[in-house]
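This briefing accompanies the sequence and structure shown below. Its points are grouped by topic.

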Amino acid sequence: MEELKEELKGKIIEVLNLEDIEVSDINDDDSLFGDGLGLDSIDALELIVLLDKGYGIKLSDPKQGKAIFESINTMADFISKNRTK
Amino acid sequence: MKEKCFIRGIGVVSAQGIWRSDFFDEAVEITVSKAYAEQPSYKELIAPNMIRRMSKGIKMGIYAAQQALDEAGVSELDAVITGTGLGCLEDSEKFLKNVLDNDEEFLTPTSFIQSTHNTVGAQIALRLGCKAYNFTYVNGAVSFESALLDSLEQLQGGDAHSILVGGIDEISGHTFTLKQLIGEVKADDVQETIRTSNSAGVNYGEGATFFTLSHVSSVDSYAEVVDVCVQNRLDKEELADFVDRFLDVNKLDRSVISALVLGNSGDITYDHYFEELGKLFEDRVQLYYKHLYGHSDIASAFGMATAAYVLKEQSIPENIVWKAGKQIPLTYVLLYNQYKGRDHSLVLLKRS
């Protein structure tokens, strides 16, 4: 799980082009949206594509996103339970 | 009565860096086939959450636009008008590569949103909170002149008082490999200047040039934009008539022109057009600028910055002289550009 979390942080930084942010700057329980990393709705779409492309998970219900993308912890948990690749 | 149109501020991001007082003193002639712009720091201008999504074309446009506004001291705009030949190429390529690599799946929104040609004008306006007229012209090598013509008509007609107008084009990987393959851009191993060029194709230069135009002059104004005209096709033999008609419309003749600013690009197949136009003003000083900026569809915007600088300073930096001429006070400067024998344009500037 720890490995997956580190991998996720790296992918998020790369996909969202988070300049000046290192993997070590993101805590597992930091909010990804709002006060935490400050991501927005376009980033949410990028994260949905990341789940599909990287882990073979298609989000059928966009409302799920809010809970899944709350933090690295919640994302990693969801991926580990649902990944197809 | 027609209102006038004055250049009040200039902003440039180019291979020579940003617009500054010693720009021409420090400028170095381009000898590479692809001249990348020297990127300034954008952090002071653009919020971090915005900057991470922007390609260099957008960032260069925003920087040059802000420089032009700052110099003019203008904050209220009636229009933002942009010219671009190739638009936001980096993001276009990124998006299309995703489409191909991922078999039309997994398409992310950011590069798509920012791949359209009008992204730069939109982002400039968004950042300024400007909800006024916003238009982008994509007309090959007269993209900037088209934007300028729109600006001029709005200012002269009294529909606008302050307009931000400019052009941007950026270099991207794949498109420019193709441009080199078809000979539009010189090969990587060809190191020619415009003067020493012995081949077809150009040394391409990316960058952004913006102007703040106003219907009123100030002590710091660079010059007045008197008129602009474009013509898609023109034989070399028709150049004299093209110029004379343009001057005649403005109730002027060739004798009033103090200097020419020519768009020589080092493409030996078509640079004879500039030579031909130069013959009409044999004794006048002829200037060039693409050896410092590189060629692009909107390089002529930098040409106008060069002409405006010369008119304001009333002196000509040695490194932009293509052909020396008689020393006369600089009153009217005529700019001529064309690309591949098409997209001919004339712009007339007057000392303000």
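Among contacts in chain B between residues at least 6 apart in sequence, 77% join residues at least 24 apart, a contact being heavy atoms within 4.5 Å. The corresponding share in chain A is 59%. The model is predicted, so local features need pLDDT of at least 70 and side-chain atom pairs count only at pLDDT 80 or more, whereas totals for chains, interfaces and linings use all residues. Residues are numbered from 1 along each chain as its sequence is written, chains are lettered from A and ligands numbered from 1 in the order in which they are written, and side-chain values use heavy atoms, with hydrogens and water left out.

**Chain B: overall form**

- Chain B holds 12 helices and 14 strands; helices (H or I, at least four residues) and strands (E, at least two) are DSSP runs, numbered from the N terminus.
- The radius of gyration of chain B is 19 Å, close to the 20 Å that the globule rule gives for 352 residues, so chain B is as compact as a globular protein of that length. The radius is taken over C-alpha atoms, and the rule is 2.2 Å times the number of residues to the power 0.38.
- Along the principal axes, the C-alpha atoms of chain B fill a box of roughly 60 × 45 × 35 Å.

- Of the 352 residues in chain B, 61% are buried, meaning under 20% relative accessible area, with exposed over 50% and partly exposed in between (1.4 Å probe, protein chains only).
- Chain B has an accessible surface of about 14,300 Å², and carbon and sulfur atoms account for 50% of this surface. Accessible areas come from the Shrake-Rupley method with a 1.4 Å probe; for residues, only the protein chains shown count as cover.
- The 32 positive and 49 negative charges of chain B have mean positions 2 Å apart. Lys and Arg count as positive and Asp and Glu as negative, without His and the chain ends; each charge is placed at NZ of Lys, CZ of Arg, CG of Asp or CD of Glu.

- An unreviewed UniProt entry annotates residues 45–213 of chain B as "domain: Beta-ketoacyl synthase-like N-terminal". UniProt positions are given in the numbering used here, feature names are shortened, and annotations may be inferred rather than shown by experiment.
- That span, residues 45–213, is 43% helix and 16% strand, and its end C-alpha atoms lie 22 Å apart.
- Y63(B) belongs to helix α3 (residues 56–72) and counts as buried because its relative accessibility is 16%. Beyond neighbours within four places in sequence, Y63(B) contacts V13(B), I18(B), P40(B), S41(B), Y42(B) and L45(B).
- The C-alpha atom of Y63(B) is 9.7 Å from that of Q39(B), 24 residues away along the chain.
- Q180(B) sits in helix α8 (residues 173–181) and, at 16% relative accessibility, counts as buried. Leaving out residues up to four places away in sequence, its contacts are S33(B), K34(B), V185(B), K186(B), A187(B) and D188(B).

**Chain A**

- Chain A has four helices and zero strands, in the order α-α-α-α along the sequence.
- The radius of gyration of chain A is 12 Å, close to the 12 Å from the globule rule for 85 residues, so chain A is as compact as a globular protein of that length.
- The C-alpha trace of chain A spans about 30 × 25 × 20 Å along its principal axes, and 36% of its 85 residues count as buried.
- The 10 positive and 20 negative charges of chain A have mean positions 10 Å apart.
- The unreviewed UniProt annotation "domain: Carrier" covers residues 2–85 of chain A; this span is 54% helix and 0% strand.
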